[in-house]
Amino acid sequence: MVEPSNAPFGRLEMAAVQDVLNSGRLWRGNGPGWGSEQDSIATIAAERLEDAIAQRLGIPYVHVVNSGTSANEAAIASLGLEPGSEVICPAVSPVFVPLAILAAGCIPVFADVDPETLIIDPCGIEAVVSDNTKALIVIHLWGMPAPIKSIIDVAMNCGLYVVEDCAQAFGTVIENQPVGTFGDACSYSFQQSKHITSGEGGFFASHNAERYARAVLYSNAGIPSFRFGVSSTGAAATSDTRGHLGFGHNHRISELQAAVAHAQLSRLDSFIRRRAELVTLVDAELQDKGNDSLRTPRPVPGHLPSYWRYPVLVPPGKGTFTGISYLEPVFQQMNDQRRTPFGISLPPHVRYDRGTCPAAEGGVMQIRAVPIHHSLTDNELRKMLRGQFEDL
Ligand SMILES: *Cc1c(COP(=O)(O)O)cnc(C)c1O
């Protein structure tokens, strides 16, 4: 069977699913050694996936979970913050990001962004830091690297942890170092629209064993199913308990999903190459239009984007992108009630009013994001572009 190399799914994914079904085991177990006696590490797809990711990113601790949102929750939980701590995130965030902050019992505080990229602005961070701010989440939006060095400088000055949300940025590197490896913890997603997918899925990663342990407990009902040489210091299971050491959800990934994600990971570089070709094609097509008011992102020295969507700057007011998180009804309600859905009171300086982040509110009105999925043919992309920009 011949298949186009960038078909979203092919023989590798089929074989991976078949192997899992043949094995008769569709879950990873609660941890190493949990399954039947015959289990060896090599038969557990989730573990193979974690090992492959750790190697690819060059990071020692990886825990795969059932979504990017779960990975964000694990990343925040991994910091061990007190309830009511403020956590900064960009005004232009998929709502999963501030929701993950809420889930940890913390308070999302929105920082303004660069209006041309919608990526968090280091000065915007400084402007909203309070005595109660403990962490910030940076999003490598569109697969473009955020200015991580300046952001980490600000974070060090203010004593904040840094979480990198890399859901849109698998393959993005800054001076040869993958995004996600600069901060204290990171999250990635395998949701259908992302660079590689198992339908739903994601992972947490960190350089720090203690944060990894907290993330695992949070994602696996408090069970210390640690890998990578991390051992539990908590009380062991006894004859009448199973050893749940702390609070946690069940955010485990299934073996079917892990096996598909593992197969997709082996194709990631070919997907990235195709996406880069499509970006070049968008540049050429927009240039042919001869409309000087359309601008594509400027290259930044040392930054190598791995585009998820390609953000094109259009005249003010002509943008079609939406995404000011704090204007979502859930935040408007919190603004009125002055408390989070988990009952944490909002301090007076935390507001979710229109006008809070003016650069973000203006910026979304001048961006159109071009889908550049690796499965698109040149002609499909051209046709889509004509539709997307015909009014300009
Ligand atoms: C997709 C996405 C998420 C959430 O990932 P899910 O797997 O859909 O839960 C979080 N952050 C960003 C930036 C995303 O693009």
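**Notes on strands, ligand shell and loops**

1. In β5, the residue that bridges to A135 is Y161. That bridge belongs to the pairing of strand β4 (residues 133–139) with strand β5 (residues 161–165), which run parallel and are joined by 5 bridges. Two strands count as paired if DSSP finds at least two bridges between them. Strands (E, at least two residues) and helices (H or I, at least four residues) are DSSP runs numbered from the N terminus.

2. On provenance: this is a predicted model, in which local features need pLDDT of at least 70 and side-chain atom pairs count only at pLDDT 80 or more, while totals for chains, interfaces and linings use all residues. Residues are numbered from 1 along each chain as its sequence is written, and side-chain values use heavy atoms, with hydrogens and water left out.

3. An open sheet is formed by 7 strands in the order β1-β9-β8-β5-β4-β2-β3, with mixed pairing. Its edge strands are β1 and β3 (107–111), each of which pairs on one side only. From one strand to the next the twist averages 20°; axes here are lines fitted to C-alpha atoms, for helices over the stretch in contact, and angles run from 0 to 180 degrees between N-to-C directions.

4. V65 has G202 as its bridge partner in β9. Of the 5 residues of strand β1 (residues 61–65), 5 are buried, where buried means under 20% relative accessible area, exposed over 50%, and partly exposed in between (1.4 Å probe, protein chains only). In a regular strand the side chains alternate between the two faces of the sheet. In β1, Y61, H63 and V65 point one way, V62 and V64 point the other way, and all are buried.

5. Strand β2 (residues 86–90) runs parallel to β3 and is joined to β3 by 5 bridges. Within this pairing, C89 stands opposite F110 in β3.

6. A further open sheet has 3 strands in the order β7-β6-β10, with antiparallel pairing. The strands at its edges are β7 and β10 (303–304), each pairing on one side only. Between β6 and β10 there are 2 bridges, in the antiparallel sense. V173 stands opposite L304 in β10.

7. Which residues come nearest to the ligand? Of the 15 residues around the ligand, they are G68, T69, D165, S189 and K194; a residue is near a molecule if one of its heavy atoms lies within 4 Å of it. By class, the shell holds 5 nonpolar, 8 polar and 2 charged residues. Ala, Val, Leu, Ile, Met, Phe, Trp, Tyr, Cys and Pro count as nonpolar, Asp, Glu, Lys and Arg as charged, and the others, Gly among them, as polar. Helices α3 (68–77) and α4 (96–103) each supply at least two residues of the shell, and α3 gives the most, with 3 residues.

   - The side chain of T69 has an N or O atom 2.6 Å from an oxygen atom of the ligand.
   - The side chain of D165 has an N or O atom 2.7 Å from a nitrogen atom of the ligand.
   - S189 has a polar side-chain atom 2.7 Å from an oxygen atom of the ligand.

The protein covers 94% of the 380 Å² of accessible area that the ligand has on its own, as given by the Shrake-Rupley method with a 1.4 Å probe.

8. N176 is exposed, with a relative accessible area of 75%. R338 counts as partly exposed, at 22% relative accessibility.

9. Is G180 buried or exposed? G180, in the loop between β7 and β8 (185–189), counts as buried because its relative accessibility is 1%. The C-alpha atoms of G180 and F247 are separated by 26 Å, with the two residues 67 residues apart along the chain.

Note on methods. Polar contact = N/O pair within 3.5 Å; in protein donor to acceptor, adjacent residues only side chain to side chain.
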